Amino acid sequence: MKGLIFVNPFLCTKESVHQAERLKEEFNKRGVEIEIVSDGFSRVAVSGDSATIDLTAPDFAIYLDKDKYLSEILEKGGLRLFNRHDAVRVCDDKGQTYITLSGHGIKFPKTIFGALCYNQDGQIKEEWIDRIEKELGYPLIVKESFGSLGKGVYKANDRVSLVEIMEKVKTKPHLFQQYMGAKVGVDVRVIVIGGRTVASMERSNQSDFRANIALGGSAKNIELPEEFRIVAESCAEILGLDYCGVDLLYGEGGEPYLCEVNSNAFIDGIEKVTGVNVAGAYAEHVIKTINKK
């Protein structure tokens, strides 16, 4: 069996490099030959007749990039991706994630979408600000729809800071959310593979409302409450994800509220905290899935 791991050529953080290398290591242990590909964009093309792929006949690919054009071309050319193109596309866009999950009984903070401005000189209307204040109160969260590692997420404590943030993000897709203040700077990361929870940890940050380890947060292994497991696995199923990290917040009664779903959640931190071989579990799922074909 042969596989590829697609990575972004410009995202060379230690976490992303480690992710690809750990997966390659676990696949190699199971007799699977793996090539890490960072130039996928230059090895595919489309024409009026077909999509062409200049790759060495792989059986599958782990897609750690977020380039939606590349993933769609790869699938159009017949390559089985983990995760699939549509799943990555929806998860990469926070707004699209909430829209897709709405109506399925998944609790998440009340969300209002920002008007997308195509002109930096465009004026933010007072009635928009009034509605956001009335519906969400203060503090509230503003999120850019695209971003990871806690980047592009802001907290507005009052009207002045809200307007300042709205001006900053107005030319980007963004949204506004109710602030979950039951446990500030705390969330639960759940790794779901093949529809099953394999590892979980609680992250906390004493100096920031965002719990991300990349922003100085710490983490500990926890016994995952059943209702958190159910929500995480439901999100993975609805979104069609082979692998994901589901981030959950605590409601006032301790119930889980969805923060976001990461289709390419990093492995390093949760493997260290929990001792679970997450990369190995992912490799096993992929091999089992391909062998069923």
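Reply: Start with Asp247. Leaving aside neighbours within four places in sequence, Asp247 is in contact (heavy atoms within 4.5 Å) with Asp187, Val188, Arg189, Arg203, Tyr257, Leu258, Cys259, Glu260 and Asn262. The model is predicted: local features need pLDDT of at least 70, side-chain atom pairs count only at pLDDT 80 or more, and totals for chains, interfaces and linings use all residues. Numbering runs from 1 along each chain as its sequence is written, and side-chain values use heavy atoms, with hydrogens and water left out.

Asp247 sits in strand 14, residues 243–250. Strands here are DSSP runs of E, at least two residues; helices are runs of H or I, at least four; both are numbered from the N terminus. Asp247 has a relative accessible area of 2%, so it is buried (under 20% relative accessible area, 1.4 Å probe, protein chains only). Its side chain makes a polar contact with the side chain of Arg189, at 2.4 Å. A polar contact is a pair of N or O atoms within 3.5 Å; within protein, one must be able to donate a hydrogen and the other to accept it, and residues adjacent in sequence count only if both atoms are side-chain atoms.

Now the largest nonpolar core. This term covers buried Ala, Val, Leu, Ile, Met, Phe, Trp, Tyr and Cys residues joined through side-chain atoms within 4.5 Å. The largest has 27 residues; Phe27, Phe60 and Ile62 touch the most other members. Elements giving two or more residues include strand 11 (186–193) and strand 12 (196–204). Helix 9 gives the most, seven residues.

Conventions: Buried means under 20% relative accessible area, exposed over 50%, partly exposed in between (1.4 Å probe, protein chains only).
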